[in-house]
Amino acid sequence: MNSRRKFLHKSLLATAGLTFTNVVTADQFFSDLKKIGPNDQINVGLIGCKGMGWSNVNSLLKIPQVNCIALADIDESVLNQRSADVVKARGKKPTLYKDYRKMLENKDIDVVVIGTPDHWHCLNLIDSLSAGKHVYVEKPLANSIEECNLMVEATKKYGKLVQVGQWQRSGSQYSEAIDFVKSGQLGNIRLVKCWAYQGWMNPVPVKSDSAVPSGVDYDMWLGPAPKKPFNENRFHFNFRWFWDYAGGLMTDWGVHEIDIALFAMGVSAPKSVMASGGKLAYPDDASETPDTLQTIYEYDGFNMLWEHATGIDGGNYGYTEGIAFIGNNATLVVNRGGWEVISEKEGDKPKLEAISRVKPQGNALDLHMVNFVDAITNNDSSKLNCGVETGSVAAINAHMGNIAYKTGEKIFWDADKGLFTSKEANQLIKAEYHNGWKLPKV
């Protein structure tokens, strides 16, 4: 293991960089890794194989020393599909499991990737850590503030590495934009806007409850969520729009954008939050979470505005998603397509030289995985671009937005106590577990 770490450290350190002053393309990185010997292996098991779980593993498999040796999913058809995908990528069939806890007994697994719905993340992660595995967990970190805090504690207790799937942290454009914001050139920043306008999202059609599909362990899918009849709308991708399993666009997209905003501004918790919105685009569709929402966070010295909308693409500055740092001298806008600086004027002259759009270098998800593997091979959590504490800050702030929406009040945060000043808001911090499942104890 020591020789493996030394070899991989040498290869990864030169290529991952992660200061982004000299970003290396994924192609260059993978070309260098072809020199790695057959005994330098990292074995991965995946829990939740349908969507981003598979995207994450597929990205990891671009790194030659990473193998996917196990898959766990409650849907047999998904297991069979992803098993075939692994065979196509690597020529060897992984071991398949319907219960992830059985998979965790496999001593050959080094890393677990979690791609389950949000309400499962806490159990999946803490079980994986207690089994001695490193973990890559999809965002948002958890479905409640209480779970986020538990997951941070568990990571400290078990001493394993956890990377959270907020892969924008590994994108060159975000690193460059953050550096520019911190340089002070924008002047006093009094407002940061974060947004996600999702024109592709159509109404979720109302459907009747139905029989559980063949090959699906629906009770296991529900896990700690309230017991309800099977409904296609609540299964696979659309789980995001139901409170039992997730937090809607506020947590689904919000953690990505809010994470960058808070990191650039050097803050972690707001003083107050208020939110307004609702099902204004599709009032009669089957979803529960708001399709239109504006959330105002108050931090020391500035406010942050989160807004999302489904069914329209007309976001700020002509972009469907992004973050804008609005300063006295200029505004910096960054999103997945790049970053730019728009100057204010003093008379007829710009206060700051404008910067035309700078496009990203490399694939941010691939670079996020490179960073994760680099940290593992060095057994150094400080190398992680988005460790569990970073993921918890973004998720907790996003959950605060949903709590403000649900209470309909301006809520105030007591950072010393880690609680709101409102009893109603504090009740919404907690995780509710059902069907015999218990909140993990750390």
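User: In this predicted model, does Y297 count as buried or exposed?

Analyst: The model is predicted. Relative accessibility of Y297 is 0%. The cut-off for a buried residue is under 20% relative accessible area, so Y297 counts as buried.

User: How do the rings of Y297 and Y299 pair, stacked or edge-to-face?

Analyst: The ring centres of Y297 and Y299 are 6.2 Å apart, and ring centres must lie within 6.5 Å to pair. The planes of Y297 and Y299 stand at 15°. Planes under 30 degrees apart count as stacked, so the Y297 and Y299 pair is stacked.

User: What is the relative accessible area of Y299?

Analyst: Y299 is buried. The relative accessible area of Y299 is 2%.

User: What kind of aromatic pair do W195 and Y317 form?

Analyst: The structure holds 15 aromatic pairs. In the one formed by W195 and Y317, the distance is 6.1 Å centre to centre, with 40° between the planes. Stacked needs planes under 30 degrees apart and edge-to-face needs over 60, so the W195 and Y317 pair is tilted.

User: How many residues apart are W195 and Y317?

Analyst: W195 belongs to strand β7 (residues 189-198). Y317 is in the loop between β10 (302-310) and β11 (321-327). The pair thus links distant parts of the chain, 122 residues apart.

User: In which sense does β10 pair with β7, and in which with β9?

Analyst: β7 and β10 share eight bridges, with V192 opposite M304 in β10. Strand β9 (residues 292-299) and β10 also pair over eight bridges, and T292 has A309 in β10 as its bridge partner. The sense is parallel for β7 and antiparallel for β9.

User: Which residue in the hairpin of β9 and β10 takes a positive phi?

Analyst: The hairpin has two residues between the strands. A positive phi near 90° is taken there by G301.

User: How many residues of β10 are buried?

Analyst: β10 is mostly covered. Of its nine residues, the number buried is eight.

User: Over which ring do the charged ends of R169 and K182 sit?

Analyst: The charged end of R169 is 4.0 Å from the ring centre. For K182 the distance to the ring centre is 4.2 Å. In each case the ring belongs to F263.

Conventions:
Residues numbered from 1 in each chain as written. Predicted model: local features only at pLDDT ≥ 70, side-chain atom pairs only at ≥ 80, totals over all residues. Heavy atoms only, no water. Phe/Tyr/Trp six-rings, centres within 6.5 Å; stacked < 30°, edge-to-face > 60°. Helix = DSSP H or I, 4+ residues; strand = E, 2+ residues; numbered from the N terminus. Buried < 20%, exposed > 50% of the residue type's maximum accessible area, 1.4 Å probe, protein only. Lys NZ or Arg CZ within 6 Å of the ring centre and 35° of its normal. Pairing = 2+ DSSP bridges.
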